[in-house]
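Dear colleague,

Please find below the structure that I am handing over to you. My notes on it follow directly after.

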Amino acid sequence: MKTILLMENQKPPFNRRKFLTNAAKIAGVGAAGFIYMKGCNNEPSEVEPGPGNKHVFLTNPYLVTLESSKAYIRCITNLKAYSWVEYGETEKLTNKEHATTNGLVNANTRIHEIELSDLKPGTTYYYRVASKNIIEFQPYKVVYGETIYSKFYQFKTMDEQVAETSWLILNDIHDVRGSYEHMIGLNKNEPFDYVFLNGDMYDDIENEDQVIELMIKPCAETFAAEKPMIFVRGNHDIRGKYAREMLNYFSFPKGPFFTYRHGPVFVIVLDTGEDKEDAAAVFAGLVDCEAFRKKQATWLETVLQSDEYKNAPYKVVKMHIPTHYTTGGKGELHCRELFTPLFNQYKVDLVISGHTHKWGVYPPNDIHQYPLVIGGGPRTGARTLIKVKANMQQLKLQMLDDSGKQVGEYLIKR
Ligand SMILES: [Fe+2]
């Protein structure tokens, strides 16, 4: 039986402020130095190379999820290419892996995902990414260009048996430049296993440059070449004409809602969808989140009945829209109606959300019988970094504001 020792910074319900659109808007020419063709919705296949036609990586490689026996390494090139990963347990990188689909090696693409399998849990691997562009691709003749290499990096696979885990959570960055670097920097040199991105990392998504420059690149250059950026979408991440293509840049091997176990913590991730009703006029008939949430509620109940869930020392849920303390949008209320009874019945230990742009730590009460922690918003002064550390004795959550001051804390003792 767990006992709650400490609850701080309890805040009353609030009215959510309307979000201020303060994100930088994207110009036609990307900072990465490539140009979008007009009239093609910036399809990746239509992107032209930048000046000089030099083959380059548009960002560092990045890890989007991690398992105990697998890693998914991604990179993006400016030219269509064939890419691979060289890796190993030592810096000698004795293994090579590329991606294949239905008997063909993935190639002639700019967005690359290479899955490494048969890895050992809790083991450090070294790697670099390599890529050669394809100058000519005829049926019986392929001409490659220059081979380029990333720097050398390392990562550690997840491990169910590890005694302690710690991770960081960001939410509601909403495209604000500099926020990833600043907020991760507040962790100083304390160790962490991965960063969880709890939705609304983007504003409404318009094009590839936004996808890369305002999330992938700052993450890849700050931490994600070596520690995974595990992402669940918020309502803003599914808006805009490029929201569907955005999924091409991430790996969801188990789908957009999923579970994972690292150390003593079993994590359930829900994709809460839109905050308004599907029939809202602004969605023009192109949103179908109500059925999507119901499907997740059915799946959730089977997860909550599983031995993996029951036997885990700590059971944590992460979902962008919180079950409570929202303003009452129909999508928000649907989350409450579907998920609160299940969380109560199966006694989840902690739910961590974002969305409201106002941080808060809400201890259990008669309505939600689980603690609910909500991270802050995108504006300076409202941003938060959530740090969680768990071992067999306790799970400790700390929430820092963007000056580094602690503004919330929650402790669960076993
Ligand atoms: Fe949101």
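Lys347, which comes after helix 6, has a positive phi near 55°. Helices (H or I, at least four residues) and strands (E, at least two) are DSSP runs, numbered from the N terminus. This is a predicted model, in which local features need pLDDT of at least 70 and side-chain atom pairs count only at pLDDT 80 or more, while totals for chains, interfaces and linings use all residues. Residues are numbered from 1 along each chain as its sequence is written, and side-chain values use heavy atoms, with hydrogens and water left out.

Helix 6 itself covers residues 330-345. Among the buried residues of helix 6 are His334, Cys335, Leu338 and Phe343; buried means under 20% relative accessible area, with a 1.4 Å probe and protein chains only.

Turning to strand 12 (residues 194-197), Tyr194 and Phe196 point one way and Val195 and Leu197 the other, and all are buried. Strand 11 (residues 165-170) pairs with strand 12 in the parallel sense over 4 bridges, where pairing requires at least two DSSP bridges between the strands. Ile169 stands opposite Phe196. On the other pairing, strand 12 and strand 13 (residues 229-231) are also parallel, over 3 bridges, and Leu197 stands opposite Phe231.

With kind regards

Note on methods. Buried means under 20% relative accessible area, exposed over 50%, partly exposed in between (1.4 Å probe, protein chains only). The expected span of a helix is 1.5 Å times one less than its number of residues.
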